[in-house]
Structures are given as structure tokens and as C-alpha cells.
Amino acid sequence: MQKYIVRGGRPLSGEVHISGAKNAAVAIIPAALLVDGVVRIENVPQISDVTVLLKILEQLGANVRLLNPTDVEIDCTHIHTTHVPQELAHKLRASYYLIGALLGRFGSAEVSMPGGCNFGGVRPIDQHVKGFAAMGATVREGDFIVANAEGGRMKGANIYLDVVSVGATMNIMMAAALAEGTTIIENAAKEPHIVDLANFLNLMGANIKGAGTDTIRIYGVDSLHGGAYAIIPDQIEAGTYMTAVAAAGGEVLLRGIIPKHMDCITAKLQEMGVEVVEEGDTLLIRRSGPLARTNVKTLPYPGFPTDMQPQITTVLALAQGTSIVTEGVWDNRYRYVGELTRMGAQIRVEGRTAVVEGVSHLTPATVQAFDLRAGAAMIVAALAATGTSEILNVQYIERGYEDIIGKLRSLGADIESVEYSDQEVAAPRQIG
Ligand code: EPZ
């Protein structure tokens with residue numbers, strides 16, 4: 001097992017290139033199953049979730065060719081099974097996209113229940129299932145989700161999502177791309193990766209309108225053809241580096257981003273006294289003075305992203321005064337707070353609200369990454385705390401951040417990944 005050792009307390013400086021978006025990649029790779037031909041996907045982040053998905057596609061019969069570290073060619077012409085075994089599928093939440101993609105192309109799917117980050121509560125997929133059923137599929141839920149389209153092909157339907165769900169929106173889009181007739185998703189999610197998936201599918205011949213608004217129309221087509229597509233930059237990776245600079249201080253230029261996607265995060269950091277300067281596809285982040293308090297509420301896009309909640313809370317822990325953080329998406333996403341308090345943060349959680357009393361500094365400690373973004377928050381905290389911190393369970397972090405050690409080191413951080421035996425520490429308190 002690996003752990004990170006961080007000797008914090010030094011400001012960050014330099015430039016960092018932002019990788020392709022994880023949550024776009026984990027949908028677009030399964031979407032290649034819909035295509036009868038070769039797709040070339042560029043700007044793919046080098047993270048373990050992507051590696052697992054590519055392995056799953058290979059097991060299904062896809063020909064996967066890595067052209068260079070970030071570009072991959074996938075040919076799903078000769079898929080020989082629609083059964084996705086548990087051993088790989090349970091490793092990531094996004095394996096649920098295989099259901100929509102396989103149903104859409106072959107009219108059947110048998111996918112082990114998805115794993116992935118567990119925030120301590122249930123992560124339901126009832127809205128996905130409701131969408132598939134409306135489109136004429138029978139769906140049985142057990143250890144495996146077994147879904148079959150009536151007559152072997154999905155049928156267009158009107159689907160109103162009871163909750164704004166990123167996963168359900170994308171999964172229904174995939175199931176509908178090759179359906180007979182038109183599908184309308186209402187109360188759809190609007191995240192940048194929704195638009196990215198629609199752009200990918202449209203480039204391959206799909207007819208999807210309205211992605212990025214709350215009504216998406218998918219006019220089913222008979223087949224999709226091959227092509228090349230580049231994934232958008234990762235809003236959350238960029239936001240994580242922004243919070244790292246906010247917490248540790250310094251001046252960093254983020255390259256290769258879409259500034260518009262960062263507005264929700266930029267606005268909050270500016271309220272806290274962090275300087276953010278946008279120019280072209282770059283953002284300059286500078287923090288030298290004290291941090292001011294503010295309130296944050298996470299919401300579906302264009303609101304403040306829930307996947308930035310642990311990181312911004314960590315910065316607020318160092319701000320002057322009392323801040324209120326409200327989690328508007330997930331029921332239980334504050335497990336990491338116990339770890340932060342062990343570093344000296346003063347945070348009280350009441351249901352979906354965290355009351356953060358700012359402290360002047362954090363103290364180093366050995367902490368656990370409970371999930372991907374919680375792990376990122378531990379890094380942000382450790383970079384700000386003068387002294388040596390250790391972060392355990394970093395496999396969660398590596399699911400979603402490309403070369404985080406290398407990138408932070410290039411910014412002057414003293415961080416390294418070292419091997420340790422799991423005998424050295426108590427078993428992790430949560431498995432995602
Ligand atoms: C995606 O998860 C992301 N994961 C999550 O990022 C992210 O936190 C989340 O969207 C919200 O932005 C991937 O893209 C792989 P949802 P997803 O369906 O699609 C409820 C990260 O750190 N809901 O938008 O699973 C659900 O309980 C990960 O990168 C239902 O009730 O999230 C939640 O409260 C963690 N029924 C809310 O909707 C459903 O059928 C939003 O969930 C589906 C969801």
C-alpha cells in the first residue's frame with residue numbers, strides 16, 4: 001500500500017497543466033460501446049478509474065489501443081458479451097454507465113452493482129432504472145443489474161427526473177442515442193461533463209439537443225460512426241489546485257482550463273480574499289494575506305460543486321471568523337471532518353451543515369482519505385500545516401487525480417508517496 005508524506009507549510013508556486021475531466025472520461029469511455037467503428041478519445045486522464053474501465057471494455061471484446069499516455073483508440077465492433085463481471089465493475093461507481101451504453105447498443109446488459117466512493121450513505125440508482133423502464137426495458141436489481149430492452153431496442157420516452165442526477169442524465173442519454181424515436185429528459189443535470197458526453201455522441205452521429213439545459217432531447221438514430229474527440233479539462237482537479245494555493249499560500253498558474261467552468265469556485269475564493277485572474281485558458285491564483293470567512297452551499301451545476309466541498313471546507317477552516325457550509329447534494333459527505341479536527345480544525349457538523357470556526361493554523365497529523373475528494377482535502381490541509389503529515393488510503397485519491405504527486409512537487413510542495421504495510425495502521429474505517 002502507498003501513503004503520502006507531506007511536509008507542509010510552504011507556499012506553492014509555478015504552473016500546472018490540468019488533465020482531462022474524470023467524470024467526463026468515465027462516461028465517454030463506456031459510450032464508445034455505442035459506436036460501430038473506431039473512436040479516438042484524446043485528453044484522457046491517467047487515473048485508475050480509467051484503467052479499470054478500459055480493462056472492462058477489453059473483457060467485453062473491445063479492441064483498446066493506447067496511442068500515447070492520454071489518447072486511446074477504442075473499437076467496439078466485435079463486442080461478444082454484455083455481461084460485466086463483478087471483479088472490475090465493483091471498483092468504480094461509473095460502471096453504471098455500462099448499463100445505458102450496452103442497453104442502447106445491444107438491447108441487453110448485465111452489470112454488477114457499481115462500487116466507487118461511498119459517503120457512508122446509500123447511493124441509489126432508482127432514477128437510472130426509472131428511465132430505462134420508461135424506454136421499454138425490464139430491469140432486475142440484485143447483485144447484478146439485469147436489463148433487457150423490449151424487442152431488443154430501446155424506445156424513446158419522456159422522462160422527468162425526480163432529483164437532478166448527473167449519472168441518470170448521462171445514462172439515459174446513452175440508452176436513448178440509438179433508440180427508436182425521441183427521448184426527452186426533463187430536470188436534467190447541467191454539469192460540463194453532460195455537455196461533453198452529448199458533444200462526443202453528436203460527433204459520432206447522434207442527434208442530441210439541449211445538453212447543458214434542464215431539458216435534453218435525444219432523437220434516436222440507427223447507428224453511430226467512429227471519430228476523434230478530446231475530453232474537456234477537469235473542473236474539480238483545477239478547483240482542488242486552487243484550494244491548495246488558497247490554503248498553503250503562493251502563486252500558481254493553471255493551464256488548459258475552461259475558466260467559465262471555474263466561475264462557481266472562483267467566486268467563493270475571491271470572497272475569501274484569494275486573487276484569481278483569468279486569461280484565455282489560464283487562471284492565476286494568488287494568496288498572500290489572511291483568508292476571510294464566507295458561506296458555501298453545494299448545488300448541481302452551475303452551483304458550487306459537491307465534489308469541491310471537502311477542499312473548500314478545509315480552506316474555510318483557516319479563514320478568519322465563522323463560515324457555514326451546506327451540502328445540497330449528498331446526505332453524508334462530512335466523514336473527513338473528523339480527520340480535519342485532528343489537525344486542529346474547529347468544525348461542527350449538524351446534518352447537512354458544517355459550522356466552521358476558523359483557526360490560525362492547522363497542525364500536522366496522520367490522517368485517512370475516506371474517499372476521493374476527502375483525500376484531496378487531506379492533501380490541501382497537509383500542505384497548509386507546517387510539519388510532517390501522513391495520508392493513508394491514497395488509492396482513493398489516485399482514482400481521480402492524475403499524477404498529483406508530480407504536479408504538486410512541480411509547484412514546490414514537499415510530498416512523496418511511500419510504500420507501507422497495512423499492519424502499520426488500523427484497518428480503514430470505511431471502504432468505498
Ligand atoms: C456524479 O455521481 C459524480 N460521479 C460524483 O462525483 C458527484 O458527486 C455527483 O455526480 C454529483 O455531482 C461520477 O460522475 C462518476 P448524482 P452520481 O446521480 O452521478 C441522488 C467524485 O468525487 N440520486 O448526480 O452518482 C443521489 O443520492 C464523485 O468525482 C437519487 O436519489 O451523482 C444524490 O443525492 C463522487 N437517485 C443526488 O441524486 C438516483 O437514481 C445526485 O447524485 C441517482 C441519484
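R7 and D414 pair up through their side chains in a salt bridge, with N and O 2.8 Å apart; the term covers a side-chain nitrogen of Lys or Arg within 4 Å of a carboxyl oxygen of Asp or Glu. R7 sits in strand β1 (residues 2–8) and D414 in strand β24 (residues 414–419), so the pair ties together parts that are 407 residues apart in sequence. The model is a predicted one, with local features needing pLDDT of at least 70 and side-chain atom pairs pLDDT 80 or more, while totals for chains, interfaces and linings use all residues. Numbering runs from 1 along each chain as its sequence is written, and side-chain values use heavy atoms, leaving out hydrogens and water.

The salt-bridge count comes to 20. Another of them links K407 to E237, with the closest N and O atoms 2.7 Å apart. Here helix α14 (residues 404–410) supplies K407 and helix α8 (residues 235–248) supplies E237, so parts 170 residues apart in sequence are tied together. Both K407 and E237 are buried, that is, under 20% relative accessible area (1.4 Å probe, protein chains only).

Turning to the ligand, 23 residues surround it, the closest being Q127, S165, V166, D307 and V329; a residue counts if one of its heavy atoms lies within 4 Å. A backbone N or O atom of V329 is 2.5 Å from a ligand oxygen, and a polar side-chain atom of W330 is 3.0 Å from an oxygen of the ligand. Domain 1 (2–19 + 233–419) and domain 2 (22–230) both give residues to the shell, so the ligand lies between them.

Technical notes: Polar contact = N/O pair within 3.5 Å; in protein donor to acceptor, adjacent residues only side chain to side chain. Domains from an automatic or database assignment. Helix = DSSP H or I, 4+ residues; strand = E, 2+ residues; numbered from the N terminus. Buried < 20%, exposed > 50% of the residue type's maximum accessible area, 1.4 Å probe, protein only.
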